[in-house]
Amino acid sequence: MLLLIVIAACDAVPGRVFTSSSSPAVLAATPSASSAASATARPATTPSPTPRPIADVLAQIDPAKLDDHMRALASFQSRHPLHPGHAKAVAYLMEQLSAIPGVVVQDIPTAYNGVRLDNILATIAPPGPRPDGLVDVPGMICAHYDSTANRTPGWRPAIDPAPGADDNATGTAALLEYARILAADRGSLRMPIVLAFFDGEEYFFKGSLAYLQSLSPNAYRWVINIDMVGFNPLADRLDLVYYTTKSASLRDRVSEANQRYGIGVSPLVEQLATTEAFILDAAPFGLVGGIPSVALVQRYGENDATFPGNYTFHTVNDTPDKITNKRLWLKAAKLTLATALDLARGGAQL
Ligand SMILES: [Zn+2]
C-alpha cells in the first residue's frame, strides 16, 4: 500500500527555478517561461545534418569527471533530507547543471511527512527551429541522489554520515556527465530528454512517486533508471529490471544497445519487476504510471557467483574507496546513454 503526501512548497530560494508545471514538454518548448532558465536555454548549436555517431558520443563520458562528481557528492557527509549535507548536494547539482548552456534546470520541491524533498530536473531539448518529426513528449533518465545509512546501528539521520558513494553517487555522477554531453549534442535529438535527479528514494521512492503524481498520464515515453553501479568486484554484471511486459520493448532496446555498441556489460540479467517488488525509482513510472521503464542496477535479486553483495550498502561505510569496479561504472553509464540516444534520435518508437 502506498500513501502519497504532496505539499506544495512556496519557499522559493533566489536563483532556483520552481515550477508547478505538470508537463516537462511544455517547459522544454517554452524555456523562457522561467527567468533563471532563459539565460541558459537558448540554442547553443544548430541542428546537425549528420549527427555524431553514438559510439563517438559515448566515448565522451569522462571517467575522471565521473569520479570527481562521485567524490564531491560523498564529501557532503550525507545527502539524507534531514542532514545539512543535503542542501549542499542540492546546491552542487544546481550549480553544475546551471553552468551548462542548453540545459533548463528546475528544482521541484515536494514533501514527505513534513520533510522537504527536492527533485531536480534538467531538460535538454532539440534546439529550435523544431526539426521535422520532433516528438514533444520527452524520455527520462533518472537517478536518486539522496542517501541513507540506516543499516548502521544507532545511525542518526540528521547528524551522522551517509556518504552513499555507490548508492547512488555513481548514478548521479553519470547523469551529470549526460547533461554536459547531451547539451552539446542537442542537434541530434528528435525528442527532449529529461535528466531527473530524484530525492527521497531512500524513503521508498517518495520523490519520484510525488513527481509522477504531479504529471498528466503518459507524460514520458520511456524511463531509464541507473542506481548503484560501481561496486561489483567480480563481474561487469548489471541487472536489467523491467516493469511489467509493457516495458519489454524498452528492455530489448537496452540489450540491443549493449551488443550494437560493444559496451560489454556481461552478464546483463533481465529481471521482471512486479507490484510485489516495488523498488528503485523506475518502479513508480513502470508500475503506477504504466510507462515503459527499466532500471540498471548491479544487483536486484539475491547474491550469486557474479555478485558478492555490497556489504556497505546503506551504511556509513559506503565511501568512495568502495567503488571497486570503475570499468563496470563506465559501462553502465555508456549503456544508459546509448539506449537513450538511440531512442531520442529515432523519435522513441518502442
Ligand atoms: Zn539507490
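**A walk through the helices**

Let's start inside helix H5, where Gly85, His86, Ala89, Val90, Leu93, Met94 and Leu97 are buried (20 or more other C-beta atoms within 10 Å of a residue's own, with C-beta atoms placed from the backbone). Helices here are DSSP runs of H or I with at least four residues, strands are E runs of at least two, and both are numbered from the N terminus. Residues are numbered from 1 along each chain as its sequence is written. Please keep in mind that this is a predicted model, in which local features need pLDDT of at least 70, side-chain atom pairs count only at pLDDT 80 or more, and totals for chains, interfaces and linings use all residues.

The buried residues of H5 pack against H4, H6 and the strands S1 (104–112), S2 (115–124) and S4 (193–198), where contact means C-beta atoms, placed from the backbone, within 7 Å.

Two of those partners also meet each other. The axes of H4 (residues 63–74) and H6 (residues 165–183) come within 8 Å and cross at roughly 130 degrees. That makes H4 oblique to H6, oblique being what remains once angles under 35 degrees (roughly parallel), over 145 (roughly antiparallel) and 65 to 115 (roughly perpendicular) are set aside. From H4, Lys65, Leu66, His69, Met70, Leu73 and Ala74 take part, meeting H6 residues including Ala169, Ala173 and Leu176.

Finally, visit glycine 207 in helix H7 (residues 206–213). Glycine 207 is buried, with 30 other C-beta atoms within 10 Å. Aspartate 146 is 61 residues from glycine 207 in sequence, yet 9.7 Å from it in space, C-alpha to C-alpha.

Note on methods. Axes fitted to C-alpha atoms, helices over the stretch in contact; angles between N-to-C directions. Contact = placed C-beta atoms within 7 Å. Buried ≥ 20, exposed ≤ 12 C-beta atoms within 10 Å, placed from the backbone.
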